[in-house]
Every structure is written in C-alpha cells, then in structure tokens.
Amino acid sequence: MRLGRSAPVESRNGHEATRRTVIVAGAANVVVGLAKLIAGIMSGSSAMLAEAAHSAADTLNQGFLLTSLHRAERPADRDHPFGHGQERYFWSLLAAFGIFVAGGGFSIFEGLLALTRSHHENPLVAYVTLVVAFAAEGTSLARAFWQVRGEARRRNEEVLDHVESSPDITVKVALFEDSAAVIGLILAALGVGLSQLTGSPVWDGGASVAIGVLLVAVAVKLGMDSKELLIGRAADPQTERLIRAEIESRPGVDALLELRTMHMGPDSLIVAARVALNDKLGADQAEDLADEIDSRLSERLPLQPHVFVDPTQAGRTPRPEAPLSRPGRPGRRERPERPERPGRPEQSGIAGNRAGG
C-alpha cells in the first residue's frame with residue numbers, strides 16, 4: 001500500500017502572475033520589434049537590425065512560454081499521473097534554442113557583414129527608437145523582477161539565490177530575456193553613437209556582434225537550466241532541510257534513513273522517504289503517521305508534494321545503490337531463496353553449473 005496522500009495546493013495565483021508577466025513581455029517585444037526594424041532600415045544601423053532580430057526571437061519565445069503555461073495546467077491522467085508540469089521545461093528549452101538561433105546567430109552574422117561594408121546612417125530615428133524601446137523593455141523587466149522578488153521574499157531568500165534555484169523556468173526566461181534586451185539596447189546605443197562620432201562602421205558592427213554574444217550566453221544558460229529540470233532535479237537544500245526536519249520531528253519516527261526528491265514541474269515535487277518507525281507502532285498508527293507527514297509537508301512547502309513513505313527496520317541500513325521501494329508496495333522484503341530439494345533434477349544449465357561447481 002502507499003502511505004500518505006497527495007495534498008493539492010492552490011497555485012492558480014502563481015500561474016496567473018506568470019501568465020501576466022509573459023503577456024507584458026510579449027506585447028512589449030511586438031511593438032518594440034517593429035520600431036527597431038523600421039529604425040534599422042531607415043538608419044542603416046546593423047546594431048538596430050540586430051536588436052530587431054532580438055525582439056523577433058523574444059516574441060516567438062513568449063508564444064512558446066504561453067503554450068507551456070496552457071499545456072502544463074492540464075490535469076493528471078493515466079499516462080501522466082503527476083500532471084504535465086514538465087511541459088514548462090520542454091517549451092522553455094525551445095525558447096532558449098530560439099534565442100540562440102534567431103537572436104544570437106542573426107546578430108553575429110549581421111555584425112560581421114557590417115564590418116565589411118560602408119554605409120551612411122541617419123542616427124536620429126535610431127536614437128528615438130532606442131528611447132521608446134528602453135521604456136517598453138524597462139517596463140517588462142520591472143514586471144518580471146517584481147514577480148521574482150515577491151517569490152524570493154515569500155521563501156525568505158535573496159533574489160539572486162532564488163533565481164538560481166527556482167524551478168519556475170518560465171519566469172526565469174522572461175527575466176533573462178528582458179535583462180538581455182535592456183543591456184542590448186545600451187550596446188546598440190553605444191554602437192550607433194560611436195559610429196557617428198568616429199565615422200567608422202566598426203563600432204556599429206561590433207555592437208551587433210556583442211549583442212549576439214550576449215544572446216548566445218543567455219540561451220546557453222537557459223538551455224542548461226531547462227535540461228537539468230527535464231532530466232529530474234532534486235529540491236534545493238533549504239527545501240530538503242525543511243522536509244527532513246518535518247519527518248524527523250514526528251513522534252513515532254526513530255530515524256530518517258533516506259530522502260529523495262524530484263521536481264515534476266514548478267509546482268509539484270515528489271518526496272520519497274525511507275523511515276525507521278518505532279517498533280511499538282501498529283499498522284493503523286503507521287497509516288496515521290504517514291497522513292500526518294503528508295499534511296504537514298503540504299502546509300509547509302510552497303508547492304504540491306507527492307509523498308511516499310517507506311517504513312524500514314531501524315537496524316537495517318539500505319545499500320546506497322538500492323532504489324526505494326516502488327510506490328504502492330513500501331517496505332517489501334526480498335523473498336529468501338528456497339533450498340533445493342534433494343534428488344530433484346536440475347532444470348536449467350545455469351543451475352546445473354552451479355551444482356556441479
């Protein structure tokens with residue numbers, strides 16, 4: 001039997017906050033991308049064209065992120081008993097790939113071409129566009145940072161620590177994209193300004209290459225984070241300490257022998273614990289204790305835990321390589337081998353070799 005139950009936790013508010021953050025970023029990217037494209041064509045600035053490609057990639061990525069939010073909200077079913085939360089990680093990986101190719105690749109290519117050609121720029125329209133874009137991208141960045149700071153405050157963490165450890169990759173993508181957009185605008189302004197002052201297209205092309213390198217770095221970081229979560233990342237150390245403290249503090253638990261956790265989405269966590277229960281506990285009391293552990297973890301954790309408790313004898317230390325018992329059959333002991341009956345003929349070549357040896 002499975003000890004414990006999966007206590008649902010209401011996370012609609014968090015999903016809606018993330019959805020609003022993505023929509024704000026997407027709307028800003030559409031408006032600003034068109035303005036950058038027009039300004040790049042009119043001014044002849046490679047840096048502005050690189051920024052237009054950056055905004056186009058970001059707009060595509062916001063579509064990926066909105067798709068991930070919609071698909072991740074589907075309820076659990078027979079084929080996906082823990083829900084569809086990991087859809088968020090898959091679509092975020094596609095978004096990182098989009099930043100790498102559509103944003104970084106085009107920006108570097110356009111910058112290298114600008115270094116080999118001479119052109120006359122009309123920087124006024126570029127400056128106006130940069131001011132408008134900075135206001136729009138700054139608003140989107142402020143929205144993403146406000147959400148991340150609120151999440152970090154609720155978990156009593158520093159903002160940077162929360163960004164590094166948070167399993168909500170969707171908000172992280174929006175935050176990193178907007179941060180890269182603001183830095184890219186500064187680089188584009190420097191490129192246009194220095195090209196105007198020196199009369200050399202090298203500065204404008206160099207700014208475009210720098211924007212591309214920045215986007216490649218952001219894409220690699222987001223791609224690595226998405227990959228880590230897709231293959232199954234454990235809870236952060238602070239969360240695991242909280243889980244361990246809750247289990248060990250329950251009356252009737254002599255020791256927590258093994259604890260394993262894995263994120264199944266930003267709002268879902270598998271908790272598998274091998275515990276040594278007091279020998280005086282009966283079966284009903286063990287059931288009640290598991291339910292109590294489940295309830296306490298559901299109250300204390302900021303996400304939905306799926307708790308599995310495996311009772312084990314206190315004196316029996318599990319081997320490091322031995323997996324936890326499968327959910328539904330905790331604490332099952334291995335069946336000892338039956339001695340062979342004398343005079344019984346062997347029925348396999350392997351058994352015969354063993355007997356002959």
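The axes themselves are lines fitted to C-alpha atoms, for helices over the stretch in contact, and the angles run from 0 to 180 degrees between N-to-C directions.

Before selecting anything, note that this is a predicted model, in which local features need pLDDT of at least 70 and side-chain atom pairs count only at pLDDT 80 or more, while totals for chains, interfaces and linings use all residues. Residues are numbered from 1 along each chain as its sequence is written, and side-chain values use heavy atoms, with hydrogens and water left out.

Begin by colouring the protein by pLDDT (the predictor's confidence in each residue, from 0 to 100). The average is 78, and 82% of the residues score at least 70. Select residues 1-10, where the pLDDT is below 50, and then residues 319-357, where it stays under 50 as well.

Next, select H3, residues 87-114, together with H6, residues 169-198; helices here are DSSP runs (H or I, at least four residues), numbered from the N terminus as are strands (E, at least two). The axes of H3 and H6 lie 9 Å apart at an angle of about 20°, and the two helices are therefore roughly parallel. Their crossing is left-handed, a term used if the near helix is turned anticlockwise from the far one by less than a right angle, whereas clockwise would be right-handed.

Which residues of H3 and H6 meet? Show Arg-88, Tyr-89, Ser-92, Ala-95 and Ile-99 in H3, which meet Ile-169, Thr-170, Val-173 and Glu-177 in H6; contact means heavy atoms within 4.5 Å. This contact of H3 with H6 divides into five nonpolar, two polar and two charged residues, where Ala, Val, Leu, Ile, Met, Phe, Trp, Tyr, Cys and Pro count as nonpolar, Asp, Glu, Lys and Arg as charged, and the others, Gly among them, as polar.

The contact of H3 with H7 has 19 nonpolar, ten polar and one charged residue.

Key
Parallel < 35°, antiparallel > 145°, perpendicular 65-115°, else oblique.
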